[in-house]
Amino acid sequence: MANVLFSNVRVMDGSGEYPFTGEVLVQGNRIRRVARGSRNLPTSGVTVIDGAGATLMPGMTEAHTHFSWNDQPSLDAIFRMPPEEHTLFAAVTAKTYLDSGFTSCVGAAAAKPRLDVVIRNAINSGQIPGPRYLANSQEIGTVGGLGDTAPPHVEHEGLSFACIVSGPEEMRRAVRRFIKYGVDLIKLNLSGEEIAGLGAEETPMDEDEIVAAVREAKKRGKRVCAHARSAESVKLCVEHGIEIIYHASFADEEALNLLDKHKDKHFVAPGLAWLIHTARDAAQWGIKPGSPMAIQYERELAAACETMKKMHKRGIRVLPGGDYGFAWIPHGTNAKDLEYFVSLLGFTPMEALLACTKLGGEIMGKPNELGQVKEGYLADLLLVDGDPLANIKILQEKSRLLAIMKDGEFHKWPDAQPGRMRMAG
Ligand SMILES: [Zn+2]
């Protein structure tokens, strides 16, 4: 690993402080020095990168990632991809996230039991490029709940998109099985989902099933996350210590109060892009704007925006990301979520950036070494052409990501362009 000095950069350090002109020295996989001004840090024996005024910021975190959603229009189409092709697809997708500036991703369920674990291990061993990744289980759902896609006349567990259980004993067995495979997280489908034919405000999973899952996961030091759109499901997440709450669109006052009281323990990722684009951009795949399905998603989008604004005001941690990997929200377009946080939820650009950097380090379980440009922190860095605080959309343009560094190594080297970027050393 080379020692690298980024000089002549505007440092957006992820602390919340306004960017400053400075220099950042990376040694090995850590940020060793952060200095204000220029020419304060030694340059001998290091590769010097003159950023020519570009922004240096922490790598971004995607809080709800499915490497194995294969840009298809339905759960069934994702499910039907054979394991060999599916593994390759997920490997290629992992690189797409890193190419897009996401140096960390929270796995939010795999389409096949071991897919996330295999990809995480391949990334960690250096076999394939990819972000830091928390591997998840398959979604665990109930008979007739979200993910039970098997036809009614063929009773066979292998025909469902999710791992389908009924009762605490089956739940316990499922969770133990995924832990045996090596997951970091367990995913529970608490509420419904309109596109799957089950109302978003329904909560089919029972409390005794949730208790069994959470107890088993915690016993083995695993974290739990949940698909939770209904008010009831959000309350169940807080009551049973499900740390990562996905969607939460219909959280009512009671749910918000509960969450508020325990906000240091929870993260919420609404997955706004899914709602927006399912309602408005999926006509080609049969969901025409104005159709009953699209109207349901518009209704949920309106509810989710109101709910997230309230959460943000209360200081509940709300993070961008979610459910990219469908035909109408393909992988690699994830930075749109930052734009939506600003335009729909009233986040300032700084707050949106902090939600995917500082809070990203927190949801990855490394609040003291990830998500900020700070001495001693892991060197996950982006060099951005322009100022994302002035225009948050530039993070959607891959050509603006001049350099991408993960764990002290360049995934994307900066091009040395005369007048723009100078490399020495
Ligand atoms: Zn999801």
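Me: How many bridges join strand β1 to strand β5?
Reply: Happy to start here, and keep in mind that this is a predicted model. Strand β1 covers residues 4-11 and strand β5 covers residues 55-58, and the two run parallel. The number of bridges joining β1 to β5 is 2.

Me: Which residues coordinate the zinc ion?
Reply: Begin with the spacing of the donors along the chain, H-x1-H-x256-D. Two of the residues, H64 and H66, are buried. The donor atoms lie at 2.0 to 2.2 Å, and they belong to H64 (NE2), H66 (NE2) and D323 (OD).

Me: Is α7 roughly parallel or roughly perpendicular to α9?
Reply: Helix α7 (residues 253-261) packs with helix α9 (residues 292-314) at an angle of about 30 degrees, their axes being 11 Å apart. Angles under 35 degrees count as roughly parallel. Therefore α7 is, relative to α9, roughly parallel.

Me: Is the crossing of α7 and α9 left-handed or right-handed?
Reply: First find where the helices touch: E253, L256, N257, L259 and D260 in α7 meet residues of α9, including T307 and K310. M311 and R314 are also among the α9 residues in this contact. The crossing of α7 and α9 is right-handed.

Conventions
Residues numbered from 1 in each chain as written. Predicted model: local features only at pLDDT ≥ 70, side-chain atom pairs only at ≥ 80, totals over all residues. Heavy atoms only, no water. Donors = N, O, S within 2.8 Å, 3.2 Å for Na, K, Ca; no water. Buried < 20%, exposed > 50% of the residue type's maximum accessible area, 1.4 Å probe, protein only. Pairing = 2+ DSSP bridges. Helix = DSSP H or I, 4+ residues; strand = E, 2+ residues; numbered from the N terminus. Axes fitted to C-alpha atoms, helices over the stretch in contact; angles between N-to-C directions. Parallel < 35°, antiparallel > 145°, perpendicular 65-115°, else oblique. Left-handed = near helix turned anticlockwise from the far one by under 90°. Contact = heavy atoms within 4.5 Å.
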